[in-house]
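Here is a quick tour for someone meeting this structure for the first time. Have a look at the model, then read on.

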Amino acid sequence: MRPCEARRSVKNVRDIENVVPRKPTELTPLTALFLADTLYEAGLPPEMLSVITGNPSDIGDAMIVDPRADLVTFTGSVRVGKYIAEKAGYKRIVLELGGNDPIIVMEDADLDEAAFVLDAVRRGL
């Protein structure tokens with residue numbers, strides 16, 4: 001969970017006074033679990049924030065279409081964001097897509113080399 005996501009989660013829980021299920025990336029769930037524990041220790045009632053861990057292919061669809069969820073938020077890839085938008089139907093959604101750039105190109109860089117490296121990273125080579 002990035003710091004901006006953690007702040008948004010905390011603000012959402014505090015402001016809406018409602019239950020907030022949080023599904024962090026399956027790659028780094030411990031940060032979200034630690035944040036939840038910290039909030040519980042600070043006095044947040046545990047029923048207001050639930051951290052749900054697991055593989056999104058196993059639990060994602062159920063979370064998106066659950067009729068108890070009035071809002072679905074997602075930060076990640078455009079591909080997954082489009083999938084969520086399609087699956088959610090008329091449910092309110094907030095998507096923060098793209099922006100996971102693995103390279104910073106400085107002004108004195110070899111642009112051909114930078115383009116080659118960026119292409120290789122995007123293709124997973």
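What percentage of the residues of the chain count as buried? Of the 125 residues, 21% do, where buried means under 20% relative accessible area, exposed means over 50%, and partly exposed lies in between (1.4 Å probe, protein chains only).

A word on the source: this is a predicted model, in which local features need pLDDT of at least 70 and side-chain atom pairs count only at pLDDT 80 or more, while totals for chains, interfaces and linings use all residues. Residues are numbered from 1 along each chain as its sequence is written, and side-chain values use heavy atoms, with hydrogens and water left out.

**The layout**

The chain has 5 helices and 4 strands; these are DSSP runs (H or I, at least four residues, for helices; E, at least two, for strands), numbered from the N terminus. Along the sequence they follow the pattern α-β-α-β-α-β-α-β-α.

**Helix 2 and the core**

The largest nonpolar core is made of 7 residues: Val20, Leu35, Ala36, Leu39, Leu44, Met48 and Leu49. Such a core is a set of buried Ala, Val, Leu, Ile, Met, Phe, Trp, Tyr and Cys residues joined through side-chain atoms within 4.5 Å. Helix 2 (residues 29-41) gives the most to this core, with 3 residues. In soluble globular proteins, nonpolar side chains tend to be buried together.

Which residues of helix 2 are buried? They are Ala32, Leu35, Ala36 and Leu39. Seen down the axis of helix 2, they fall within an arc of 100°, so they line one face of the helix; the arc is that of the directions from the helix axis to the C-beta atoms. On the other side of helix 2, Leu30, Phe34 and Glu41 are exposed. Just after helix 2 comes Gly43, with a positive phi of about 115°.

**Salt bridges**

A salt bridge here is a side-chain nitrogen of Lys or Arg within 4 Å of a carboxyl oxygen of Asp or Glu. By this rule there are 3 of them:

| Pair | N to O distance |
|---|---|
| Lys23 and Glu26 | 4.0 Å |
| Asp61 and Lys87 | 3.7 Å |
| Arg68 and Asp66 | 2.7 Å |

Asp61 and Lys87 meet in a salt bridge. The pair links distant parts of the chain, with Asp61 in helix 3 (residues 56-65) and Lys87 in helix 4 (residues 78-88), 26 residues apart. Asp61 is partly exposed at 31% relative accessibility, and Lys87 is partly exposed at 35%. Arg68, by contrast, is exposed, with a relative accessible area of 73%.
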